[in-house]
Amino acid sequence: CHWLTEDNQDYVAYLSIMVAGGACAADSFWAMMVERQCTDVAAFAAQCDRRIKHMPAGLAEVHREVSDGLRRADPTPFKSFRRHEYLETIALMDVLPSDAPAADVLNQEIVITAEVLDVCQRLAGQGALVFGLSDKPDEASLPTAEMARQGGRGIHDTPMKVYGPLLR
């Protein structure tokens, strides 16, 4: 359904929550997808608007948040989803002791592979400008102002363990 989601994770999460939460029955959703009855996520949200009175409070709150963002043409209309994404990502970076068994680290943390780090360091040592790009929005990448005041870091500034053999 790329034609509908436009590869936007906010849209994918919203559609999934609306279907899983019962705002749109799964069989109706798939019929709409097969017949391409919804031209975009805003059209889907408009259909959900008609059922908002029957939604549980939390589901209605999600719907309102995304609908409001869509009306503002915000490319990141599901801010609370992205904030949770940031918190979950940070919670999985360098949380175990440095001497934790590799199996535990690989099962419980986000790590960078030694090969990637090695290549980056070699290239930087030879004068190359090494940088990374991400399509994650700020809400999924950076702490809130309050979190930053308390020492929170962006995911790009958060230490992580290195795993694997070097290329040497």
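Visitor: Which side chain does Asp74 meet in a salt bridge?

Guide: First the general idea: side chains of opposite charge can pair when their charged atoms come close. In this predicted model, Asp74 pairs with Lys79, at 2.8 Å from N to O.

Visitor: Are those two buried or exposed?

Guide: Asp74 is buried, at 15% relative accessible area, while Lys79 is partly exposed at 26%.

Visitor: Which other residue forms a salt bridge with Lys79?

Guide: That's Glu139, with the closest N and O atoms 3.2 Å apart. Lys79 sits in helix α6 (residues 79-90) and Glu139 in helix α9 (residues 138-141), so this pair ties together parts 60 residues apart in sequence. There's a network to look for as well: salt bridges with shared partners join Asp10, Arg82, Glu85 and Lys136.

Visitor: How far apart in helix α5 are Asp68 and Arg71?

Guide: They are three residues apart, so about one helical turn separates them. Their salt bridge has its closest N and O atoms at 2.7 Å. Asp68 is partly exposed at 34%, and Arg71 is exposed at 59%.

Visitor: How many salt bridges are there by this rule?

Guide: The count is eleven.

Methods. Residues are numbered from 1 along each chain as its sequence is written. This is a predicted model: local features need pLDDT of at least 70, side-chain atom pairs count only at pLDDT 80 or more; totals for chains, interfaces and linings use all residues. Side-chain values use heavy atoms; hydrogens and water are left out. A salt bridge is a side-chain nitrogen of Lys or Arg within 4 Å of a carboxyl oxygen of Asp or Glu. Helices (H or I, at least four residues) and strands (E, at least two) are DSSP runs, numbered from the N terminus. Buried means under 20% relative accessible area, exposed over 50%, partly exposed in between (1.4 Å probe, protein chains only).
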